[in-house]
Structures are given as C-alpha cells and as structure tokens.
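Please read the following note beside the displayed model. The points take up pockets, sheet, ring contacts and a helix in turn.

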Amino acid sequence: MGLGELESAVMDVLWQSDEPLRVRDVLARLEPERALAYTTVMTVLDNLHTKGMVSRSRVGRGYSYRAVRSREETAAELLRQVLRTSGDAEQVMLHFANSATEDESRILRRAARRTRIRSRGDIPS
C-alpha cells in the first residue's frame, strides 16, 4: 500500500479537505513543480480508489473523491505492513525503541500507558 510521490501529494490534498473533491478541485490544489494534466490526476485518483485509499461518488458525469482513512490511520497501516514484511517484527520494534529520539520515546511511553489502561478495562477503547 505504499504511495508514490504524486499519490502522496494527492492524498495530502484529500486529507486537508473537509469535503469530497472532484478531479479539477484536486488539480487546482496541487502545487507540483511541473504542470499536471487533468487525466494524470484522474488516473492517480482512480489508482488510489483501486488501492482502497479513497472512496468516490458519482457527481454528474464525473466523481468526487474522499480519503477512506485519516492520515494517521493510513500511517499506522503502513507501519503494520513494514512490520509484517520485515522478517522479524520484534527486532524492528526493539531497534526502533533503542534508536528513538526523546520525543518518540515519550510518545511510545504514552501509547504503552494507554494500552495498559485499556486492557484493564478502565477506559473504553
């Protein structure tokens, strides 16, 4: 489910929007270093739809698109994929924990506390 550079740029546009966007809306909000054709953006959105990253609804003769998951949910799924394909998820996690910055360590500790609290049933998940 990895994303190419243009796919990532299109997803950024969709994540920043509170409403579904048509191809021309996405094209207008992209700030590429090179000019993009309408059909290029349409193809990228179609590919993202095929990957299950965006949903689409018929609007007139075209579609409007919206991200299926938030940026954070998508990032978490990408991390899961990395761990699944790493060959040794435990070693990857341990290496990350041992090389984490102070901010990353703080986030990991906070997540571990929340997980322990939820597993005890103190907070609904």
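**Note on the predicted model**

1. The largest pocket holds about 400 Å³ of space. A pocket is searched for on a 1 Å grid over the protein atoms alone, with a 1.4 Å probe; it is an open set of points with protein on both sides within 12 Å along at least five of seven lines, and lining residues have an atom within 4 Å of a point. Points are joined across faces, edges and corners, and the volume is the space filled by probe spheres set on them.

2. The model is predicted: local features need pLDDT of at least 70, side-chain atom pairs count only at pLDDT 80 or more, and totals for chains, interfaces and linings use all residues. Residues are numbered from 1 along each chain as its sequence is written, and side-chain values use heavy atoms, with hydrogens and water left out.

3. Which helices supply the lining of the largest pocket? Helix H4 (71-85), helix H5 (89-99) and helix H6 (102-120) each give at least two residues, and H4 has the largest share, with five. Helices (H or I, at least four residues) and strands (E, at least two) are DSSP runs, numbered from the N terminus. Among the lining residues are Leu79, Leu83, Met93, Phe96 and Ile107. The lining comprises ten nonpolar, no polar and two charged residues. Here Ala, Val, Leu, Ile, Met, Phe, Trp, Tyr, Cys and Pro count as nonpolar, Asp, Glu, Lys and Arg as charged, and the others, Gly among them, as polar.

4. The second largest pocket has a volume of about 300 Å³. Of its 13 lining residues, Glu5, Leu6, Ala9, Glu31 and Pro32 lie nearest the centre. Helix H1 (residues 5-16) contributes the largest share, six residues. This lining divides into six nonpolar, one polar and six charged residues.

5. Three strands form an open sheet in the order S1-S3-S2, with antiparallel pairing. Strand S1 (21-22) and strand S2 (54-59) are at the edges, each with a single partner strand, so one side of each has no neighbour in the sheet. Two strands pair if DSSP finds at least two bridges between them.

6. S1 is joined to strand S3 (residues 62-67) by two bridges. Across them, arginine 22 stands opposite serine 64, and leucine 21 has tyrosine 65 as its bridge partner. Six bridges join S2 to S3, and valine 54 stands opposite alanine 67. S2 and S3 make a hairpin with two residues between them, and glycine 60 in the turn has a positive phi of about 65°.

7. Which arginines lie over the face of tyrosine 63? Arginine 56 lies 4.3 Å from the ring centre, and arginine 58 lies 4.4 Å from the ring centre. A charge sits over a ring if NZ of Lys or CZ of Arg is within 6 Å of the ring centre and within 35 degrees of the ring normal.

8. The 15 residues of H4, at 1.5 Å a residue, should span 21 Å, and its end C-alpha atoms are 21 Å apart, which agrees. The expected span is 1.5 Å times one less than the number of residues. Just after H4, glycine 87 takes a positive phi of about 95°.
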